[in-house]
Amino acid sequence: MRKYIKKRILKNITEITDIHKQIEQWFQKGSYEAIQDMLVQCQETAIWIGNTIDEEEQTDKAVIKKLEEYCEAVYELSVKVGGYTKKMTRSEAKRIIRPVCAQLNQYMHEVSNYVQNQISTRTEAVFLPYKASMWDSLESVWMAAKEDPDCDAFVIPIPYFDKNPDGTVSEMHYEGGDFPEYVPVVNWKDYDLEARHPDMVFIHNPYDNVNYVTTIHPDFYSQKIRNYTERLVYIPYFVCVDDNLGEEFCVLPGTLYADRVIVQSEKVRQTYIQEFHKFEKDNNCQGQFGRAEEKFVALGSPKFDKVILTTKENIKIPEDWLAKIVKPDGSWRKVLLYNTSVNQLLNGEEQLLLKLESVFGQLKTRDDIVLLWRPHPLSEAACVSLRPELLARYHEIVETYKKEDWGIYDDTPDIHRAIALSDAYYGDQSSLVEMYRVTGKPIMLQNVNVV
């Protein structure tokens with residue numbers, strides 16, 4: 001049985017026993033009509049409990065029998081109460097109703113014991129990535145859930161939209177077909193979050209509708225899906241360089257509405273807590289979004305797990321990549337991973353474009369190095385939304401690089417293949433730098449102002 005269903009049954013049993021207390025009180029007041037309404041509620045709830053338990057395999061029929069006996073006792077009491085018209089003395093009312101309510105409580109006590117001690121539970125965990133290239137922020141957690149024999153784990157990629165400069169949405173994207181073959185994907189239209197109410201939901205997008213470049217489908221905003229699960233968990237899609245976290249990442253819809261936020265270190269956790277308390281004070285909402293010290297948990301980043309587990313020996317290298325890497329004598333050229341970020345593109349305006357042209361001009365004639373250029377996956381979308389005047393030139397640079405075909409252009413979702421394959425890193429300061437450090441390979445940061 002699902003944990004959520006078991007919890008709901010036990011909650012309903014508690015509610016029924018509370019109604020029994022009310023019945024005794026109302027009986028002493030002579031409010032017989034109100035009592036009959038309460039008894040109908042008790043019977044309907046007991047029937048739901050019985051039907052729910054009966055759906056489980058190998059259910060002990062004795063507990064179903066106990067619920068049937070309870071319903072018969074409730075019916076008999078309802079008939080008896082319907083025959084009363086005059087108010088009784090307190091002692092008469094107690095003498096009549098108290099033994100009956102005690103018996104009803106005993107039925108519920110036995111059912112509660114059975115549910116608590118005899119019904120095993122399963123956890124249902126749902127993972128809601130939106131970009132396949134960011135799946136590494138959730139993958140190791142999904143793997144652990146998948147290996148748990150008492151857990152059912154579902155990976156449900158969700159759609160997202162590009163944003164126009166005026167904030168309206170344009171094209172919808174769905175990357176369900178871009179995930180690794182070993183990840184079984186469930187179509188987002190085939191899983192009803194509200195109806196299934198999974199025990200845990202994991203997300204890596206904290207923005208809801210406040211991102212200027214993209215937005216996930218509104219049906220999956222954290223403010224909404226928090227109502228459809230027992231625990232909403234946000235794991236950042238990025239890692240912090242030197243454990244330094246910008247305050248702009250601390251208070252977002254995902255961090256507000258999540259029950260837990262998994263962060264990479266204690267230093268990062270303290271930054272989240274500090275900014276969260278500041279937000280509470282400024283907006284006079286202390287406690288409204290949970291207790292910060294409990295919400296933020298330093299357990300490390302799954303992105304580091306993926307870097308460690310991915311090596312040259314267990315990746316599949318495309319044939320056209322190998323053709324550029326392997327020399328005629330069979331030896332390998334050094335592979336330089338060139339990473340360009342969205343921030344540099346947006347903040348430096350055309351300066352990054354000049355830098356791109358300079359880097360390509362210097363490296364395309366090198367015989368000992370192969371450049372593996374991996375621009376941030378949202379680079380073009382960011383231009384469309386925030387720097388439309390740069391779009392045509394950026395697109396021209398990309399197309400020229402691909403047409404000349406002297407280097408590798410990597411726009412696939414798999415960043416870890418590029419990390420494992422490359423011999424060194426060159427490019428912008430970004431969370432990828434922190435991931436690359438785990439490999440122990442050389443890192444050099446570019447200065448876009450030097451061309």
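Some housekeeping. Residues are numbered from 1 along each chain as its sequence is written, and side-chain values use heavy atoms, with hydrogens and water left out. Since it's a predicted model, local features need pLDDT of at least 70 and side-chain atom pairs count only at pLDDT 80 or more, while totals for chains, interfaces and linings use all residues.

Okay, helix 1 (residues 3–29) and helix 2 (residues 32–54): their axes come within 10 Å and cross at roughly 160 degrees. Axes here are lines fitted to C-alpha atoms, for helices over the stretch in contact, and angles run from 0 to 180 degrees between N-to-C directions. Helices are DSSP runs of H or I, at least four residues, and strands are E runs of at least two, numbered from the N terminus. So helix 1 and helix 2 are roughly antiparallel, a label used for angles over 145 degrees.

Next, helix 3 (residues 61–82) and helix 4 (residues 90–118). Their axes also come within 10 Å, crossing at roughly 160 degrees, so this pair is roughly antiparallel too.

Now the largest pocket, with a volume of about 1,200 Å³. A pocket is an open set of points on a 1 Å grid over the protein atoms alone, where a 1.4 Å probe fits, with protein on both sides within 12 Å along at least five of seven lines; lining residues have an atom within 4 Å of a point. The volume is the space filled by probe spheres set on the points, which are joined across faces, edges and corners. Of 42 lining residues, the closest to the centre are Tyr237, Phe238, Phe249, Asn343 and His376.

Notes
Parallel < 35°, antiparallel > 145°, perpendicular 65-115°, else oblique.
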